[in-house]
Amino acid sequence: MGKKINIKNLPTGYQSFITNGRHSITGDEPLTSKGTDLGFSPEDLILSSLAMCKVATVRYIARKNNWTIDDVDGEFELNVKRGPDGSLSTTITGKIKIEGDLTEEQKAELIKQADACYVHRMIEGEWNIQPIQATNELAVSA
């Protein structure tokens, strides 16, 4: 069975309570989009997924190789441009700072692995997004 998310959208702005059944976060839209800006925007959530996977991959590979690292911090930016035909082109840039007792070769390997993280490969892979189904009830309430 795949991953499952439940979401409850409130009438105020675009506030949404998002849960996977164990953890919850708040989503919203910024004030400029008539939201209340009380949570992550959809773009923030996409970028957060990629960023978290990349920094977690750095730590995972370091542990797997018994390399000593301390803090792993990242800074990522997402920019979307709309083409004349309405198509969207997205560019993501990022930096990762890795503290620890590492050689330059080890750091380069960690960055290489971060650039091949699961979410990165998933985003670049094939997607098949099914049309949303309207319903009067859900199997699990949010």
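User: What makes the contact of Lys97 with Glu99 a salt bridge?

Analyst: This is a predicted model, and in it the closest N and O atoms of Lys97 and Glu99 are 3.1 Å apart. A salt bridge requires a side-chain nitrogen of Lys or Arg within 4 Å of a carboxyl oxygen of Asp or Glu. The pair therefore counts as a salt bridge.

User: Why is Lys97 called partly exposed?

Analyst: Lys97 has a relative accessible area of 49%. Buried means under 20% and exposed means over 50%, so this residue is placed in between, as partly exposed. Glu99, at 28%, is therefore partly exposed as well.

User: How many salt bridges does a search of the whole structure find?

Analyst: The search finds two. Besides the pair Lys97 and Glu99, Lys54 forms a salt bridge with Asp115, with the closest N and O atoms 3.3 Å apart. That pair links distant parts of the chain: Lys54 belongs to helix α1 (residues 42–64), while Asp115 lies in the loop between α2 and α3 (118–124), 61 residues apart.

User: Is Lys54 buried or exposed, and how do you know?

Analyst: Lys54 has 5% relative accessibility. Since buried means under 20%, Lys54 counts as buried.

User: How do you know that the buried residues of helix α2 are on the same side?

Analyst: The buried residues of helix α2 (residues 104–114) are Gln106, Leu110 and Ala114. They cover an arc of only 80° around the axis, which puts them on the same side of α2. An α-helix has 3.6 residues a turn, so residues three or four places apart point the same way. The face of α2 turned away from the buried side carries the exposed residues Glu104, Glu105 and Lys112.

User: Why does Leu31 count as exposed?

Analyst: Exposed means over 50% relative accessible area, and Leu31 has 60%, so Leu31 counts as exposed. Leu31 lies in the loop between β3 (24–27) and α1.

Key. Residues are numbered from 1 along each chain as its sequence is written. This is a predicted model: local features need pLDDT of at least 70, side-chain atom pairs count only at pLDDT 80 or more; totals for chains, interfaces and linings use all residues. Side-chain values use heavy atoms; hydrogens and water are left out. Buried means under 20% relative accessible area, exposed over 50%, partly exposed in between (1.4 Å probe, protein chains only). Helices (H or I, at least four residues) and strands (E, at least two) are DSSP runs, numbered from the N terminus. The arc is that of the directions from the helix axis to the C-beta atoms.
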